[in-house]
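This report describes the disulfides of one protein model. It takes the pairs in turn and then turns to the order of pairing.

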Amino acid sequence: MFKLSAILLVGAVIALGKTVTKADSIFLKTFQNLHKDPAPPAQTRASVQILSIKQQLDHFDQNETRTWSMRYMANDEFFEEGGPMFIYVGGEWAISPGSISGGHVYDMAKEHHGYLFYTEHRYYGESHPLPDLTTDNLKYLDVKQALADLAHFIRTMRQEIPGMENSKAILTGGSYSATMVTWFKKLYPDLVAGSWASSAPLFAKVDFMEYKEVMGDSIHLAYGEECNTRIRNGIAELETMFEEKRVAEVRAMLRLCNHFDETNDLDVWTLFGEISDTFAGVVQTHNDGDIQRACKTIMDGPDDLTGLTNYLLKNWNEPGSCNDLTYNSALNELKETAYNGAMRPWLYQTCNEFGWYQTSSSKKQPFGTKFPLPYYTTLCADAYSPTFTNKFIHQQIEKTNEFFDGLELKVDNVYMTHGQLDPWRAMGLQEGNQTTIIPMHAHCKDLGSITENDTPEMRASKEKISQLVKQWLAE
């Protein structure tokens with residue numbers, strides 16, 4: 001899923017019409033780690049086709065007649081006439097064959113003789129509605145348009161594929177696309193029999209302070225409070241060094257580039273935000289042992305600050321380079337309007353629809369105080385338009401909750417799963433018979449096939465969605 005840091009860099013430059021890869025920045029590595037395709041790796045040699053479908057640029061304006069080609073992938077190896085559609089819905093990433101050639105959805109499609117699809121979200125991957133990502137062109141990027149794309153896709157498949165006229169549709173999503181499959185059931189209930197939403201945030205919130213709280217809780221659960229204590233003390237010492245004007249020591253310790261400006265709040269916020277986001281990268285994507293190894297590196301240091309900086313440098317450093325963690329370097333890259341990845345369009349969606357800024361507002365977390373909400377809202381205005389004021393952003397997020405009902409959403413035939421360690425569960429439904437919390441697992445970790453390595457709780461959850469799919473298809 002799915003990380004919403006505002007300091008985002010792209011990893012390619014455009015020269016003479018070609019994309020030229022350059023060394024990934026710290027920001028890009030963090031972003032890619034947290035926004036990668038959550039689908040499991042492919043387990044078969046299934047024949048997956050890469051296809052496209054014509055979509056309206058604007059589904060809600062009859063005067064707008066422009067169209068574009070949306071990429072999708074398809075696998076018909078199990079399909080029999082009348083069999084269901086199993087659609088894995090893409091989010092803020094480029095789609096890949098994994099989810100429709102392996103994993104639990106693939107296994108269920110085999111059982112029910114289903115047709116497998118993976119749809120790509122507008123403005124991500126290779127699905128480019130317009131030539132570039134100028135702010136004016138991004139006005140066609142929102143979740144309602146993306147859900148309308150999905151509705152058109154389902155109707156078209158039923159019309160064009162022989163034997164699929166009456167096929168029921170089962171949707172699956174992870175992270176942001178889990179949000180989408182849940183909201184799709186609200187807007188288009190007649191088009192889908194049921195949805196599986198893995199790690200779905202449903203409540204839009206500008207100041208998502210709870211993310212860092214759950215991160216701290218997860219470190220405590222996986223390793224112990226002594227790791228949180230060392231992180232908290234090490235970051236507090238760094239903050240004190242800034243207050244005491246000992247910035248030369250900080251610059252040397254963290255190998256910061258010389259143009260880092262300790263008198264500029266935005267540079268300071270950028271640094272501490274990335275420190276926190278580096279920990280988000282290990283917590284949100286945790287597989288058994290990941291948090292433990294990170295904490296061991298930190299605890300092996302002779303003191304709090306050294307343990308903290310050893311871990312950060314291990315994650316950040318390229319040999320022979322300084323660490324460029326300034327606001328302007330991040331912003332200048334982010335303002336690039338060529339299609340160079342998910343960062344610019346995803347941040348736009350957070351500014352315009354969701355918020356979800358993982359700030360330091362809460363005192364119930366160990367990552368310090370120096371990545372406040374104004375850092376993120378400032379980036380919205382600087383990267384896109386002065387229109388994105390603090391007031392405007394809050395109004396947009398309120399509209400999202402009003403339209404989709406936030407945590408008061410009532411939908412039938414949607415099964416929601418969350419990992420106990422996943423910070424995103426704080427914005428999702430966590431109670432009721434539609435939801436399962438899987439102990440000691442993180443973000444979107446339940447999409448693989450049932451195996452002997454599954455914990456009892458993980459296996460039970462996968463078996464539950466299998467039973468629900470049978471029920472939905474029989475209705």
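Cys351 is buried, with a relative accessibility of 0%; buried stands for under 20% relative accessible area, exposed for over 50%, and partly exposed for what lies in between (1.4 Å probe, protein chains only). The model is a predicted one, in which local features need pLDDT of at least 70 and side-chain atom pairs count only at pLDDT 80 or more, while totals for chains, interfaces and linings use all residues. Residues are numbered from 1 along each chain as its sequence is written, and side-chain values use heavy atoms, with hydrogens and water left out.

The partner of Cys351 is Cys380, joined to it by a disulfide, that is, a pair of cysteine sulfur atoms within 2.5 Å. Cys380 is also buried, at 0% relative accessibility. The S-S torsion of Cys351 and Cys380 is about -85°, so this disulfide is left-handed. Cys351 belongs to helix α12 (residues 343-354) and Cys380 to helix α13 (residues 373-383), so the bond ties together parts 29 residues apart in sequence. Helices here are DSSP runs of H or I with at least four residues, and strands are runs of E with at least two, numbered from the N terminus.

A search of the whole structure gives three disulfides. Their sulfur distances are listed below.

| Pair | S to S distance |
|---|---|
| Cys227 and Cys295 | 2.1 Å |
| Cys257 and Cys322 | 1.9 Å |
| Cys351 and Cys380 | 2.0 Å |

The link of Cys227 and Cys295 is left-handed, with -90° about the S-S bond. This pair connects distant parts of the chain, 68 residues apart: Cys227 sits in helix α6 (residues 225-243) and Cys295 in helix α9 (residues 290-299). Cys227 is buried at 0% relative accessibility, and Cys295 is buried with a relative accessible area of 2%.

For Cys257 and Cys322, the torsion about the S-S bond is about 90°, so the disulfide is right-handed. Cys257 is in the loop between α7 (247-254) and α8 (265-284), and Cys322 is in the loop between α10 (304-316) and α11 (327-334), so the pair ties together parts 65 residues apart in sequence. Cys257 is buried, with a relative accessible area of 6%, whereas Cys322 is partly exposed, at 43%.

When the bonded cysteines of the protein chain are numbered in sequence order, the pairing reads 1-3, 2-4, 5-6. One further cysteine, Cys444, counts as buried at 7% relative accessibility.
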